[in-house]
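Here is a short tour of the strands, a pocket and the aromatic rings. Have the viewer open and follow along.

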Amino acid sequence: MLVARTENIGFRRNKRRGMTKNVTERYIRRDIPCGITECTRCPRNFYQQTSGHPMLTSSLPVVIPDSSVVSRYIELLESEDSLKNLVFCQTVLEALDRRNRTRTIGNVRRIAMDVRRGSVVFANEVFEKTRIDRMHGESLAVRDMRAVRGAAAWLSQHDNSAVVIVATLRKADYRAFGAADGFRVLDLGEFLATYHPSLVAHCAAITEATADKPDMDISALDPAEYAQLRLSSKSKQGYASYWSPEEVADGLRTGTLVRGKLRMTRSKDRESVGVVEREGKPDIVVTGRLALNRAADGDIVVVRVLASSEEISELADNNNDDGDGDDQDGDGEDEAMAVELIDAGEETALGAGAEMAVAGVVVSVPERKWRMYVATLQTDEAGGAQHLAVPVDVHVPKIRIHYMDAAAISGQYFVVAIDTWPADSQYPHGHFVRPLGPVGDLDTEIDVILVERRIAVSQAALGFSKASLREMPLDSSTAPWQPDAAEVGRRRDLRDQLIFSIDPKGSQDIDDAISMRRTDTGYEMGVHIADVSQFVKPGMATDTEAQARGTTVYLADRRFNMIPEVLSERICSLRGGTDRYAMSVVWQMDADYNVVDTWFGRTVIRSACEMYYEQAQALLDGASTAPGLQDKSLTEQLRASIVELTTAMRVL
């Protein structure tokens with residue numbers, strides 16, 4: 001329900017366009033929900049209407065991290081699933097947005113959409129009871145602290161059972177406004193020590209790794225303060241400055257610049273090469289460190305195509321003359337990167353347009369796609385606190401980190417994050433996030449795969465919650481699961497039909513089976529899928545965890561199930577000789593395999609055989625028997641069905 005409309009008016013001076021006026025409209029509402037599951041005062045809201053959407057709970061403390069915590073410790077917030085019941089205020093997201101922290105904002109939204117985390121984004125800036133105006137002469141940082149404080153006060157008063165905590169790096173600043181009204185203000189260390197003591201060491205590692213960064217939260221600075229900060233820290237540049245937004249917009253409009261996604265590869269001499277693919281036009285190839293201009297794999301970049309061989313030679317000369325002041329990084333590599341056209345025969349993973357590829361240079365990076373990287377420590381460095389982390393992904397540059405105890409992470413895999421890439425540094429600057437384990441250890445190597453492929457933060461994170469396991473039906477060797485007689489009566493009974501499965505040898509999760517038989521008018525073909533929906537209902541903990549996983553992940557020696565093993569490998573696995581619930585589709589076809597009738601519905605089936613590929617192929621090839629099939633009568637029935645099925649498939 002709308003109650004008011006407000007306007008924020010600002011002015012910005014621009015060299016090319018002079019003074020511009022920016023007007024931002026806001027529509028104030030009074031029906032913004034609190035998002036707490038137990039709340040009976042809010043009307044039925046989006047969180048409750050959306051199946052599986054995260055919601056807060058009064059059984060845990062409601063935690064509101066301010067922009068200083070989110071800005072500096074986002075990796076801690078995202079990687080630790082035990083941190084639940086988080087409220088990210090709209091104020092915090094807008095503070096991050098003012099400073100172009102799009103990656104951090106993306107991380108926040110992933111946390112808020114993860115049904116396992118029970119966390120939400122609270123639109124306090126457009127809610128009638130929590131919005132505040134900026135007072136005359138008040139800095140944005142102070143105004144934002146008042147806004148977060150106001151949201152915490154309202155939540156604590158709205159739901160008396162909720163313990164609301166504001167987690168901050170600047171506790172004294174919040175307390176300067178007076179006593180907290182029904183909520184607590186704790187710095188991050190106090191909060192973790194009280195509620196999550198196991199995470200204190202992780203927090204301390206991040207604090208040490210970012211010790212060389214200022215404690216101020218630049219996302220809360222005024223534009224003038226931020227500009228002054230940039231001027232004060234500016235030094236000799238080794239890379240070219242990025243073009244201004246106005247210059248980029250003009251170049252894109254006139255066609256002299258191209259925007260696209262950068263895909264990194266390597267040339268045959270292991271030189272870094274970036275490719276921007278264009279539909280219907282030659283690829284743009286960006287070769288060498290200076291031409292890439294601090295762009296990384298996956299970034300959205302703006303590229304200027306080099307129009308002549310003179311331009312290419314000039315850039316190559318600049319590479320040869322480059323004296324990067326950051327070469328004391330310790331790897332002894334400051335090689336000249338020549339920009340050249342890619343030969344058709346060069347060993348690069350370029351697209352079909354490689355033979356006609358043109359050369360280019362990166363002039364702007366509108367969107368960074370940095371992520372968490374697994375790395376090892378470069379071992380040939382001298383002592384000190386500054387080190388180079390070498391990512392396992394060869395397309396990612398080395399990352400400069402600050403870490404005091406290098407011996408503790410030498411020979412270990414660890415996770416790092418990139419924070420920034422100054423123009424005067426050969427390598428991006430980042431920080432240590434958390435350890436993974438020794439190089440060569442099997443479980444550590446598996447964790448490396450999970451993190452690098454963005455599947456999970458570790459194997460432990462892929463375990464099922466106690467709430468999910470409590471929802472599972474009982475099935476044991478002494479009390480095996482049996483279909484419910486009443487449920488069987490509601491389903492179509494296909495247990496008298498020849499139904500079988502064909503899967504890789506040794507499969508445990510047999511989730512589909514098939515049937516094929518002759519009828520008086522032609523053929524009947526059936527596909528039968530294990531009916532997991534009989535056991536997993538919308539909104540159950542198992543359902544929300546399955547949504548977050550999306551699929552079962554298979555590795556060479558193990559698997560990580562989408563649903564608990566009792567379902568995926570037992571009760572919902574269509575094992576031979578056992579009664580199972582299924583969802584089936586049955587087609588009636590004439591003698592020419594034209595479909596004349598289709599039936600969908602819930603069934604109960606009993607698979608006659610768990611076949612594997614080699615058995616089915618042997619029967620199809622005319623062998624009298626197949627390995628592992630002892631029953632001759634069943635073997636002949638299976639052979640007839642497989643031949644009929646193959647014939648039908650060839651016709652269809």
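## The barrel and its helix

Strand S10 (residues 284-287) and strand S12 (residues 358-367) run parallel and are joined by two bridges; helices (H or I, at least four residues) and strands (E, at least two) are DSSP runs, numbered from the N terminus, and two strands pair if DSSP finds at least two bridges between them. Val 285 has Ala 359 in S12 standing opposite. This is a predicted model, where local features need pLDDT of at least 70, side-chain atom pairs count only at pLDDT 80 or more, and totals for chains, interfaces and linings use all residues. Residues are numbered from 1 along each chain as its sequence is written, and side-chain values use heavy atoms, leaving out hydrogens and water.

Both strands belong to a closed barrel of five strands in the order S8-S9-S10-S12-S11, with mixed pairing. From one strand to the next, the twist averages 50 degrees. Helix H10 (residues 245-254) packs on this sheet and touches strand S8 (257-266), strand S11 (300-305) and S12, where contact means heavy atoms within 4.5 Å. The direction of H10 makes about 95 degrees with that of S8; axes are lines fitted to C-alpha atoms, for helices over the stretch in contact, and angles run from 0 to 180 degrees between N-to-C directions.

## Antiparallel neighbours

Strand S16 (residues 412-420) pairs with strand S13 (residues 372-377) in the antiparallel sense over four bridges, and Tyr 373 stands opposite Val 416 in S16. S16 also runs antiparallel to strand S17 (residues 429-438), joined by eight bridges. There, Phe 414 has Pro 435 in S17 as its bridge partner.

## The second largest pocket

Which residues lie nearest the centre of the second largest pocket? They are Glu 78, Arg 110, Val 451, Arg 454 and Ile 455, out of a lining of 48 residues. H4 (102-113) is among the elements that supply at least two lining residues each, and its six residues are the largest share.

## Aromatic pairs

The count comes to 11 aromatic pairs, taking rings of Phe, Tyr and Trp (its six-membered ring) with centres within 6.5 Å; planes under 30 degrees apart count as stacked, over 60 as edge-to-face and the rest as tilted. Phe 191 and Tyr 195 form a tilted pair, 5.6 Å centre to centre with 35 degrees between the planes. Because they are four residues apart in helix H7 (residues 188-195), Phe 191 and Tyr 195 are separated by about one helical turn.

Notes
On a 1 Å grid over the protein atoms alone, a cavity is a set of points where a 1.4 Å probe fits but cannot get out, and a pocket is an open set with protein on both sides within 12 Å along at least five of seven lines; lining residues have an atom within 4 Å of a point.
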